[in-house]
Amino acid sequence: MKKERKVIYQALFFLIITLPFFQSCSKDSKTISKPNIILIVADDQGWGDLGINGNSYVNTPTIDELAKKSAQFTRFYVSPVCSPTRAEILTGRYHPRGGVYDTSAGGERLDLDEITLADILKSNGYSTAVFGKWHSGSQPPYHPNNRGFDEFYGFASGHWGNYINPMLEKNGEVVKGNGFIIDDLTDHALNYIETKNDQPFFVLLAYNTPHSPMQVPDFWWDKYKNINIDTAHRYGDKEFTEKTKAALALSENIDWNVGKVISKLDSLSLIENTIIIYMSDNGPNGWRWNDGLKGIKGSTDEGGVRSPFIVYWKDKIIPKTVDYIASTIDILPSVLDLAGITTNHKKPLDGTSLKPLLFNENQSWPERYVFSHWNGNVSVRNQQFILDQNNQLFDLSKDPGQLEPIFEPSDSLISGLLNAKKEYTENVLKELDRDRKEVFPVGFEGSKITQLPARDGIAHGNIQRSNRFPNSSFFTNWISTSDSITFDSDILAEGDFKATIYYTCKSSAVGSTFYLKQRDNKVSTTITEANDPPYEGVEFDRFPRQESYEKDFKPLEMGIIHLDKGHHPISLHASEIKGSELLDFRLLVLERIK
């Protein structure tokens, strides 16, 4: 039976990837005044993780074919890590301007005075949705539903710990995913498109693979587990081949899902009026083949920031290779230009529209600089050279791998890059406040639900975080009534809230009592049901994970608590602990009661 299912799956796979490209265009396209826009962002997929870019091990036929029928950029740059890239996509501005300096604990939040691409498109008649990884702020008003997106299904954190039937959220409400997360995100996006095909839509399909944990379903893993990876490349001595196999398997799964998107658009006669953009958010999350480029995720060198960038618009954008440098800050102005939308930006954009390159409107392209920044390191590029974080100069036209620095370069070669880096450091980075105190808002009047995950909490006493990476972690080892968990919270509007926690506990903890407190306000409850599940998805981990494992955390409704307006911490305390431990804590949900 398993073999038969695999044969059917493979046959369907072939149909999906070939139908939209070779089908006759006999159907009449629906008339829509503005083009639909689908922006697909992979997570930790490097430049070299696609067949079109020379990887002979990975099978990505849909994306490869899409690239051949698109404008494919060879020198497109993102940030070295996730949240800065997403901030630049949303705003068209350098991420330090938007206050993004970290990937968790509030440092990933996009400043509220920034206007997003979704805000602009929505005000111009677009239906807007994001499916997948948000990573620009969790609590309203940082939540995607408050940043221009009508619909959100996915997770707001930087990474997720379980990819099989995971805990997710839909417009603020906790839900359970259905199957493998990438397939599920795609299915929700397709269902959304089906309901919105009579009006222009913007869909941000933000996949969270091949980011770790390297959790791969059997079908995709079986295709790669026995291949022999040749480690005779630049970083072969550092490569973990099992991790590479998992990344390639996850990349093929992405390809399959991109095929489903294209097939759906074609079946709805929307393919002719939909712009599809495909890219990744940073370099590869491991030392695998990456076309000889220097560095990986986290690096400001080529390997950390050069991303695939494919722009498809059937019969509008003529297939071509674009060698001019471009960046994530260019996405917002380009999308607006392609959609025929003009707007007065309250804050000046750093990016520029790429439409002239896409339509051959202007063969002379001005000289420009592209900056990469992370954790205090800055590199800058022009069309030919890169000045790296150590002010070493490389000629990328001759040395794309940055193997041979130019010693004692002339002033004419280096002065422009040095001055550009100085100006960026003094004028852009100075806007970034890395020392700001992160306070988490609760009770924003425009939203009913606020989630406070363990990621944003502070443990006291014996309580420990399940992993050193806060994203998708939980609190454990709650063994004393003197232990507590606090959230540094700013209550934006006074009111009554239903409090629900998501927990696990041993049977010995039944009968224990604990309470939620803010100032003199308090609500108490008793554990009446054990919930002691195993870690989820362990059997699908193909490489030892760094992140926390997930469990099937269940909701426990505590009751109604009144919250006073103002900067007042919210805290969880134990009154009585039965057995050796109280509970493991994953999430506090506060729902406003009208």
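A salt bridge is taken here as a side-chain nitrogen of Lys or Arg within 4 Å of a carboxyl oxygen of Asp or Glu. On this criterion, a search of the whole structure, which is a predicted model, returns 36 salt bridges. Lys-176 and Asp-552 form one of them, with 4.0 Å between the closest N and O atoms. Lys-176 belongs to strand S6 (residues 173–176), whereas Asp-552 sits in the loop between strand S25 (521–526) and strand S26 (554–563), so the pair ties together parts that are 376 residues apart in sequence. Asp-552 is partly exposed, its relative accessible area being 22%.

A salt bridge also joins Lys-294 to Asp-301, where the closest N and O atoms are 4.0 Å apart. Asp-301 has a relative accessibility of 8% and counts as buried. In the salt bridge between Asp-330 and Arg-368, the closest N and O atoms lie 2.8 Å apart. Asp-330 is located in the loop between strand S11 (326–327) and helix H9 (331–338), and Arg-368 in the loop between helix H10 (355–359) and strand S12 (370–374); the pair therefore ties together parts that are 38 residues apart in sequence. Asp-330 is buried, at 0% relative accessible area, and Arg-368 is buried as well, at 14%. Elsewhere, a network of salt bridges links Asp-43, Arg-86, Lys-133 and Asp-281.

Although buried, Asp-64 has no salt bridge, and the nearest side chain of opposite charge, that of Lys-68, is 6.5 Å away. Side chains of opposite charge can pair when their charged atoms come close. A polar atom of the Asp-64 side chain does lie 2.9 Å from the backbone nitrogen of Ile-52. With neighbours within four places in sequence left aside, the contacts of Asp-64 are Leu-50, Gly-51 and Ile-52.

In soluble globular proteins, nonpolar side chains tend to be buried together. The largest nonpolar core in the model comprises 55 residues, and those with the most contacts inside it are Ile-181, Ile-193, Val-203, Leu-205, Leu-265 and Tyr-278. Helix H7 (residues 241–267) gives the most to this core, contributing 11 residues. When residues up to four places away in sequence are not counted, Leu-205 touches Leu-39, Ile-40, Val-41, Phe-131, Leu-185, Thr-186, Ala-189 and Val-261. A second, separate core has 45 residues, including Phe-202, Met-279, Val-311 and Ala-339.

Strand S12 is mostly covered, 5 of its 5 residues being buried. Burial extends to both faces of S12, with Val-370, Ser-372 and Trp-374 on one side and Phe-371 and His-373 on the other. S12 runs antiparallel to strand S13 (residues 377–381), to which 5 bridges join it. Within this pairing, Ser-372 stands opposite Ser-379 in S13. The hairpin of S12 and S13 has 2 residues between the strands, and Asn-375 takes a positive phi near 55°.

Strand S22 (residues 489–491) and S27 run antiparallel and are joined by 2 bridges. Asp-490 stands opposite His-567 in S27.

Ser-484 is placed in strand S21 (residues 484–487). With a relative accessibility of 9%, Ser-484 counts as buried. Its contacts, leaving aside neighbours within four places in sequence, are Ile-458, Ala-459, His-460, Ile-463, Trp-478, Leu-572 and His-573.

How values were computed
Residues numbered from 1 in each chain as written. Predicted model: local features only at pLDDT ≥ 70, side-chain atom pairs only at ≥ 80, totals over all residues. Heavy atoms only, no water. Helix = DSSP H or I, 4+ residues; strand = E, 2+ residues; numbered from the N terminus. Buried < 20%, exposed > 50% of the residue type's maximum accessible area, 1.4 Å probe, protein only. Core = buried A, V, L, I, M, F, W, Y, C linked by side-chain atoms within 4.5 Å. Contact = heavy atoms within 4.5 Å. Lys, Arg positive; Asp, Glu negative; His and termini not counted. Polar contact = N/O pair within 3.5 Å; in protein donor to acceptor, adjacent residues only side chain to side chain. Pairing = 2+ DSSP bridges.
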